Amino acid sequence: MLLTADEALLPIRHGSRVYLDGLSAQNVGNELIVVDNDVDAEAIVVRLDAPFEPGRGSLGDFFHGGTLEFSQETVERIDAYAKKAPVYLAVYLERPAVLTQFIGVASAIIGEFGCSDEVLLDALTGRTAFRGSLPFDLPSSMADIEASREDVPFDMAVPLFRAGFGLKLNAGLTPTSLS
């Protein structure tokens with residue numbers, strides 16, 4: 001689902017030179033040209049997993065636990081990419097993540113729940129539509145999470161995105177809010 005989007009930069013133009021971080025070049029169709037470094041890129045597509053701390057979940061590492069904030073190293077990497085080309089950031093939301101630090105940095109932020117690289121790239125290039133909405137709130141900070149009651153759903157005072165939020169983008173159209 002599409003969470004944020006710079007309307008002028010979606011979909012990614014056919015023939016664009018794209019650098020991939022966290023995706024396989026094998027899944028790129030003929031409409032994009034994959035480059036080996038971010039310096040030559042006209043667009044940078046990054047795929048991240050929601051953050052977690054190994055050993056902090058229940059049942060070993062089967063259920064991830066710990067912080068929902070991305071490491072400073074990850075934030076700095078995305079910032080550095082954004083200084084070179086528009087960044088299209090996809091985050092696998094197996095658990096909520098704090099995405100606040102990427103607002104205004106990434107040209108588009110996509111929340112996903114295990115889609116293939118091909119499906120993600122099809123949506124980014126306009127071959128398929130962005131649809132869907134959040135099944136849970138996304139926090140604005142760890143402080144917001146820590147202040148909420150863990151046994152009460154939707155208890156965050158200031159979530160970054162509320163459950164049900166999602167932008168819809170059909171090929172050739174601008175994003176509109178679903179909520």
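These are my notebook entries on what I looked up in the structure shown above, which is a predicted model.

**Entry 1: the overall layout**

I began with the secondary structure, and I found three helices and eight strands in the protein. Reading along the sequence, I wrote down the pattern β-β-β-β-α-β-β-α-α-β-β. I then looked up how much of the chain is covered, and buried residues make up 42% of the 179 residues. The accessible surface comes to about 9100 Å², and 51% of that surface belongs to carbon and sulfur atoms. For the contacts with a separation of 6 or more, I noted that 61% are between residues 24 or more positions apart.

**Entry 2: the largest nonpolar core**

Which residues have the most contacts inside the largest nonpolar core? I listed Leu3, Leu89, Leu99, Phe102 and Leu124, in a core that has 48 residues. The elements that give two or more residues to this core are the strands E1 (2–5), E2 (17–21), E4 (43–49), E5 (87–92) and E6 (108–112), together with the helices H1 (72–82) and H2 (117–124). As background I reminded myself that nonpolar side chains tend to be buried together in soluble globular proteins.

**Entry 3: helix H2**

Why is H2 described as largely enclosed by the rest of the structure? Six of its eight residues are buried, so the rest of the structure largely encloses this helix. The buried ones are Asp117, Leu120, Leu121, Asp122, Ala123 and Leu124, and I noted that they pack against E4, E5 and E6. Just after H2 I came to Gly126, where phi is positive, at about 85°.

**Entry 4: the loop between E1 and E2**

Two residues of the loop between E1 and E2 went into this entry, namely Pro11 and Ser16. Leu10 and Pro11 are joined by a cis peptide bond, with omega at about -5°. Apart from residues up to four places away in sequence, Ser16 touches Glu31, Leu32, Ile33 and Glu42.

Ala41 is in the loop between strand E3 (33–34) and E4, and with 8% relative accessibility Ala41 counts as buried. Its contacts, not counting residues up to four places away in sequence, are with Arg17, Val18, Tyr19, Val35, Lys84 and Ala85. I also looked up Leu20, which is 21 residues from Ala41 along the chain, and the C-alpha atoms of the two are separated by 9.3 Å.

Ala106 is in the loop between E5 and E6, and Ala106 is buried too, with a relative accessible area of 10%. Setting aside residues up to four places away in sequence, Ala106 touches Val87 and Leu89. Val87 is 19 residues from Ala106 along the chain, yet their C-alpha atoms are separated by 4.8 Å.

Leu134 is in the loop between H2 and H3, and its relative accessibility of 3% makes it count as buried. The residues that Leu134 touches, not counting those up to four places away in sequence, are Met1, Leu3, Leu93, Phe161, Arg162, Ala163, Gly164 and Phe165. Leu134 and Leu93 are 41 residues apart in sequence, and I noted 9.6 Å between them in space, C-alpha to C-alpha.

**Entry 5: Ala143 in helix H3**

I then turned to Ala143, which lies in helix H3 (residues 142–147). Its relative accessible area is 52%, which is over the 50% cut-off, so Ala143 is exposed. Ala143 is 13 residues from Met156 in sequence, and the two are 9.7 Å apart in space, C-alpha to C-alpha.

**Entry 6: the largest pocket**

How much space lies in the largest pocket? I wrote down about 410 Å³. The pocket is lined by 15 residues, and the closest to its centre are Leu68, Ile145, Ser148, Glu150 and Met156. Sorted by class, the lining has nine nonpolar, one polar and five charged residues.

Notes:
Residues numbered from 1 in each chain as written. Predicted model: local features only at pLDDT ≥ 70, side-chain atom pairs only at ≥ 80, totals over all residues. Heavy atoms only, no water. Core = buried A, V, L, I, M, F, W, Y, C linked by side-chain atoms within 4.5 Å. Buried < 20%, exposed > 50% of the residue type's maximum accessible area, 1.4 Å probe, protein only. Helix = DSSP H or I, 4+ residues; strand = E, 2+ residues; numbered from the N terminus. 1 Å grid on protein atoms, 1.4 Å probe; cavity = no way out; pocket = protein on both sides within 12 Å on 5 of 7 lines; lining within 4 Å. Points joined across faces, edges and corners; volume = space filled by probe spheres on them. Nonpolar A, V, L, I, M, F, W, Y, C, P; charged D, E, K, R; others polar. Contact = heavy atoms within 4.5 Å. Areas by Shrake-Rupley, 256 points an atom, 1.4 Å probe, with all protein chains shown as cover.
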